Amino acid sequence: MHSNRHFRWEDKAEIMAFVQGVSFAHLFVQGDDGPLVAHVPVVVTGEGHLRFHLALSNPVAKQIEGRVALASIAGAEAYISPDWYGADDQVPTWNYVTAEITGPVTRLSDTDLAAQIDDLSAEHENRLLPKKPWTSGKMSPGLFDGLLKSILGFELKAESVVGTRKLGQNKPAEQIAGAVAGLRAAGNPAVADLMAGRVE
């Protein structure tokens, strides 16, 4: 990750909260014949590691165990028009929030795999309240365990956690305010809200 000093994000607890909020990663690993990528929902453990699962048929599942992987988690992003700054000689840019977590990957036991699925669904079912949450206990006896045989679970031990919040911190407040207004008019409130929170 390019770590520009203006945009560097170093608060590990904040980064991991962001990762948990997004809960989806692009997972890269060097395979036997070149780089591989998987797209996976993730759960952040109490120790700050990532747990995920892959289909048995996924080529990454056959090669990731014991290797170092990189999980890239992307949040809100948006094109920034130079016209929004209200100043001369500006150029277009892209604002975004992202994190990268790197570390070795180990295989989960069958028990931990089932727990990973339950933790993942519980996290997201809670976001749907007041809907009554789905649980694996709602399935017919034996069906959930049978479905688990088609996937493998893994844990990425987070040895490196880095983040970037590129939200115009290198611009004066009036230019940030102009970009925030432009983003809102363009229908991108997520990045506008993040940028507005950075104006001091």
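**Salt bridges in the predicted model**

The structure contains 7 salt bridges, a salt bridge being defined as a side-chain nitrogen of Lys or Arg within 4 Å of a carboxyl oxygen of Asp or Glu. The model is predicted, so that local features require pLDDT of at least 70 and side-chain atom pairs count only at pLDDT 80 or more, whereas totals for chains, interfaces and linings use all residues. Residues are numbered from 1 along each chain as its sequence is written, and side-chain values use heavy atoms, with hydrogens and water left out.

One of these salt bridges pairs Glu-14 with Arg-165, with 3.2 Å between the closest N and O atoms. Helices (H or I, at least four residues) and strands (E, at least two) are DSSP runs, numbered from the N terminus. Glu-14 is partly exposed, at a relative accessible area of 37%; buried denotes under 20% relative accessible area, exposed over 50%, and partly exposed the range in between (1.4 Å probe, protein chains only).

A salt bridge also joins Asp-112 and Arg-51, at an N to O distance of 4.0 Å. Here too distant parts of the chain are linked, with Asp-112 in helix α3 (residues 110-126) and Arg-51 in strand β5 (residues 50-55), 61 residues apart. Asp-112 is partly exposed at 28%, and Arg-51 is partly exposed at 21%.

Glu-123 and Arg-127 form a further salt bridge, their closest N and O atoms lying 2.7 Å apart. Both residues count as partly exposed, Glu-123 at 26% relative accessibility and Arg-127 at 40%. Elsewhere, salt bridges with shared partners connect Arg-51, Asp-112 and Glu-155 into one network.
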